[in-house]
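Open the model in a viewer and keep the selection panel at hand. The stops below are meant to be taken in order.

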Amino acid sequence: MKRNHTKRQETPNEQAALGTLVMNGPPKPPPAVPEMVSLAEYVPAKTRLRRGGSKLLSVLRALTNSASQNSSTADPLVPAPLSPDKSSVIRPPSPVNAVKKTISFTYLKGQLEPTVIHRTPRKSRPSVLSQEKEVIQVVQKESPPSSNGDSSTAKSSKSSADPRPSQSTGKTSLESKLSVKSKPLSPQSSENRRHSPKESTSPEGSLAPIAEVDTPITVRTPEPEPQPTFISAEKAAATKIFFECHYHSLFGTGPTPRSLRRRQLEGELHRDINCTTEEKDEKRTVWFKKETDHLRETRVMKIRGSNALKGKGSTTSMYEVVKILGKGSFGVVRLVRERPENDASQDPHKRKEIYAMKAIRKSDMLRNSQEGHLRAERDILVSAEGSRWVVPLIASFQDLNHLYLVMEYMPGGDFLGLLIRDNILSEETTKWYVAEMILCIEEAHSLRWIHRDVKPDNFLISSSGHLKISDFGLAFDGHWSHDQAYYNHHRYSLLAKLNINVEGDSIDKKDGKTIATVFREGCEAQGGRDRHDFVPSDEPNNDGILNWRNRCGNRTLARSVVGTSQYMAPEVVKGHAYDARCDWWSLAVILYECLYGHTPFLAEEGGRQQTKNNIVRHHETFHFPEKPSVSRCCRNLIRSIIQDKEHRLCSRRYLKDQLQASCFHKDYAGRCVYPNDAEDIKAHKWFQDVPWDRLHLMRPPFVPNIKGKDDTHYFDEEEPISDFSESVDDAKPDVTDITQALRSFSKEIQILAIGFIEKPYDSVRMRKVEREIDSFNVREEQKDYLKQLVKHYGRKEKKRPRDRMLRDREVASRVLELRKKSAFLGYTYRRIRRSRDGGSSVGRSGFSVGSTSGKKNVWHRSRLSIV
Ligand SMILES: Nc1ncnc2c1ncn2[C@@H]1O[C@H](COP(=O)(O)OP(=O)(O)OP(=O)(O)O)[C@@H](O)[C@H]1O
């Protein structure tokens with residue numbers, strides 16, 4: 001066995017020691033130092049030192065060399081190096097060692113201080129097996145055939161001591177390691193040497209033959225290679241997703257928010273000619289302090305978030321709940337007050353801020369494969385920082401069960417509330433609000449997003465009465481990280497590659513296809529290769545995975561049939577590829593609704609499907625009611641937007657660029673949404689008196705009458721909103737509560753009612769339950785009570801999860817738990833705290849609040865967004 005001295009260069013200190021030793025032989029231990037040990041005593045620690053990479057290793061090597069030399073010269077001061085487990089270091093001087101000693105000597109001639117070596121305390125003797133393992137590793141590391149002089153040593157030792165030359169060269173693969181382990185120990189093993197007291201160097205410098213000793217050694221059978229499970233695949237996919245998204249955000253083009261803020265500060269300082277240099281420096285110092293506070297606050301939030309994911313502490317403890325404001329498809333929006341201790345800046349003015357906090361149930365969203373949408377919603381709110389027309393996001397974070405979006409509170413409620421109160425609006429009032437809506441949608445488009453759910457509920461009224469757009473849960477920008485297919489690809493490609501199958505639910509089992517088959521078929525449907533399937537290549541134009549994703553993984557047009565049916569554009573209903581023009585169709589529907597009190601395509605009968613049919617056949621179904629009377633100019637505007645997308649007012653830009661698509665807007669977003677695409681609508685003559693640039697400074701037709709920061713009277717509902725998001729997944733109702741609530745009924749009715757509650761219901765089942773309750777022989781009010789009771793305690797039937805892993809009874813709960821922890825990493829955000837504005841300057845406008853008619857309104861809040 002040779003020692004590979006050439007792999008590591010000695011440090012000057014080591015060389016000093018080496019030179020000293022070579023010149024003088026091993027140092028004589030000064031009696032005053034008890035820890036000092038003799039050479040031979042020290043040698044057993046060699047293996048440990050090698051593992052630790054200590055500097056002393058070189059010293060040891062030198063010591064060992066010297067020792068072996070000296071042993072042949074029989075220096076009485078040097079104990080014989082006969083400790084059994086260090087025989088491997090006793091070697092005849094090889095040419096390399098000789099050269100090395102000469103170099104070391106020359107280099108450090110004159111440094112003749114004795115070397116003091118401290119014994120490393122040994123806790124226990126190494127076991128035979130661990131020694132053997134080390135020997136095997138050493139063999140593998142050190143014995144590749146070499147052309148230098150050492151090879152002769154290796155060869156001679158092989159020929160003399162080992163009758164099986166094939167074992168002298170270590171293999172490197174896992175398989176070979178296992179096979180080496182499983183073979184009988186070689187005669188070079190330390191165990192064998194321990195039983196070879198006569199082992200010594202021959203005069204020629206080669207090892208003397210080692211006697212074979214029959215030592216009973218248990219031979220370990222190779223452990224089977226660990227097989228990856230669906231859990232490993234899930235974790236691996238989550239890791240890949242995290243790193244790709246994280247590095248994408250780090251290397252994203254464009255300035256960082258911090259650099260933008262710095263730029264803004266410097267711009268302000270530059271423009272302020274009255275500011276002295278000292279004052280400017282002072283302002284910079286304040287700026288840095290604020291930025292530092294902000295960084296600290298973000299860091300604290302991240303730590304809290306990661307603790308909350310582990311079930312330690314809570315992220316929402318930063319806020320106290322004041323009231324429930326509203327409920328959407330997947331979450332509850334609550335009015336919250338920030339706890340003062342949460343404000344790192346300790347600014348007294350900032351205390352007790354009131355916010356709207358949207359809590360989104362992760363499990364529901366994951367079952368519905370809404371990861372992409374959730375990321376999109378958070379990302380657009382972050383990217384809209386500082387926007388006048390988008391509801392400002394304050395913070396986003398998560399715990400194990402929920403995602404949270406903390407937004408500025410809009411005390412005026414939503415625009416739907418205003419419509420419900422006023423029923424119909426005058427043309428002037430309508431114009432004012434629709435003009436603001438245009439600015440809101442235009443803002444989203446300039447950020448390269450299609451909102452896809454433009455409806456009155458999603459425009460909120462600020463304390464000054466201005467509108468802001470909210471709820472970007474369905475927004476689309478085409479980016480790969482907002483595409484559910486990207487997440488599915490990572491998971492299912494890995495499962496298919498590892499040949500891991502998960503059966504799914506009874507429908508999947510009936511289908512009989514494995515995950516690999518479904519995945520392959522999906523790729524074939526896309527022309528042979530998945531859009532997110534990155535294949536690394538050595539080609540010169542290979543610019544890395546993130547650039548590749550940005551080039552090839554984005555979508556240029558949306559396709560999903562999403563939105564609220566009454567407001568959906570025909571191209572969306574038909575499932576065609578569509579672009580941001582769909583938002584302008586929805587705006588025209590709102591405009592019509594404000595003036596006439598109902599939406600144009602709403603079907604009285606036939607439900608949502610009939611409404612959609614009406615939209616598709618809009619050429620036949622669309623008409624203006626005779627009353628109330630609306631100006632021709634306004635009707636012209638509506639008519640020019642309620643058109644197929646090619647003829648829709650706003651299309652000029654899209655058509656022009658489509659003609660030149662090959663040379664313009666090569667970026668992913670540019671091909672589906674255009675900034676300033678409202679220019680034609682804004683130029684319509686119905687809007688000719690609208691001061692677009694000053695609208696935000698003018699007094700709106702309705703300014704909320706707010707008594708305090710936490711006034712919520714615009715959110716008051718007849719029925720209190722239940723806080724379902726507080727409940728845990730699949731929580732069963734408390735039987736004692738139910739029995740108590742049913743105590744006035746007969747035993748028979750109690751049993752039936754409990755049966756109704758226990759089984760999850762959908763709309764069909766609920767109707768059946770109601771019919772059964774109607775047949776009970778009780779009073780009418782008791783029947784109503786029972787129906788309410790069933791709805792209150794009962795659970796809605798959950799939809800079939802879109803993801804096969806979450807449909808499989810065996811694995812669903814474990815996968816869900818894992819995804820709840822890993823699917824939204826990087827969600828945390830905190831907006832930098834701003835200094836108080838002192839209220840917005842609201843001017844006066846000639847607009848007046850519209851009159852209301854007695855017509856019964858048709859708005860209701862139960863419309864579902866995802867179709
Ligand atoms: N910042 C806010 N300030 C005041 N109220 C708000 C705020 N954000 C949301 N709300 C209220 O909460 C309701 C539900 O919010 P939101 O529409 O964002 O939830 P959602 O789950 O996305 O709903 P949807 O079913 O429309 O998708 C709104 O209609 C509004 O009344």
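This is a predicted model: local features need pLDDT of at least 70, side-chain atom pairs count only at pLDDT 80 or more; totals for chains, interfaces and linings use all residues.

Residues are numbered from 1 along each chain as its sequence is written.

**Stop 1: the sheet**

Select the six strands in the order β1-β2-β3-β5-β4-β8; they form an open sheet with antiparallel pairing. Its edge strands are β1 and β8, each pairing on one side only. Strands here are DSSP runs of E with at least two residues, helices are runs of H or I with at least four, and both are numbered from the N terminus. Two strands pair if DSSP finds at least two bridges between them.

Now select β4, residues 393-398, where 5 of the 6 residues are buried. Buried means that 20 or more other C-beta atoms lie within 10 Å of the residue's own, exposed means 12 or fewer, and partly exposed is in between, with C-beta atoms placed from the backbone. On one side, β4 pairs antiparallel with β5 (residues 402-408) over 5 bridges, and a hairpin of 3 residues connects the two. Alanine 395 stands opposite valine 406 of β5. β4 also runs antiparallel to β8 (residues 829-830), joined by 2 bridges, with serine 396 opposite tyrosine 829.

Move on to β3 and β5, an antiparallel pair with 7 bridges. Alanine 356 stands opposite methionine 407 in β5.

**Stop 2: the ligand**

Which residues come nearest to the ligand? They are Gly326, Gly328, Ser329, Val333 and Ala356, out of 21 around it. The elements giving two or more residues to this shell are β1 (319-327), β2 (331-338), β3 (354-361) and β5. A residue is near a molecule if its C-beta atom, placed from the backbone, lies within 6 Å of it.

Color the shell by class: 9 residues are nonpolar, 7 polar and 5 charged. Then color by domain: at least three shell residues come from each of domain 1 (227-340 + 351-411 + 484-551 + 805-835) and domain 2 (412-471 + 555-703).

Select glycine 326 in β1; with 19 C-beta neighbours inside 10 Å, glycine 326 counts as partly exposed. Its C-alpha atom is separated by 9.8 Å from that of alanine 356, 30 residues apart along the chain.

Next, select lysine 358 in β3. An unreviewed UniProt entry annotates Lys358 as "binding site"; such annotations may be inferred rather than shown by experiment. Lysine 358 counts as buried because it has 26 C-beta neighbours inside 10 Å.

**Stop 3: helix α16**

Select residues 427-446, helix α16, whose 20 residues should span 28 Å at 1.5 Å a residue; the end C-alpha atoms are 28 Å apart, which agrees. The expected span is 1.5 Å times one less than the number of residues.

**Stop 4**

Most residues other than glycine have a negative phi, and most peptide bonds are trans. Just after α16, arginine 448 has a positive phi of about 70°. Arginine 452, in the loop between α16 and β6 (459-461), also has a positive phi of about 70°. Last, select the peptide bond from lysine 627 to proline 628, which is cis with omega near -10°. Proline 628 lies in the loop between α24 (618-621) and α25 (632-641).

Terms used
Ala, Val, Leu, Ile, Met, Phe, Trp, Tyr, Cys and Pro count as nonpolar, Asp, Glu, Lys and Arg as charged, and the others, Gly among them, as polar. Domain bounds come from an automatic or database domain assignment.
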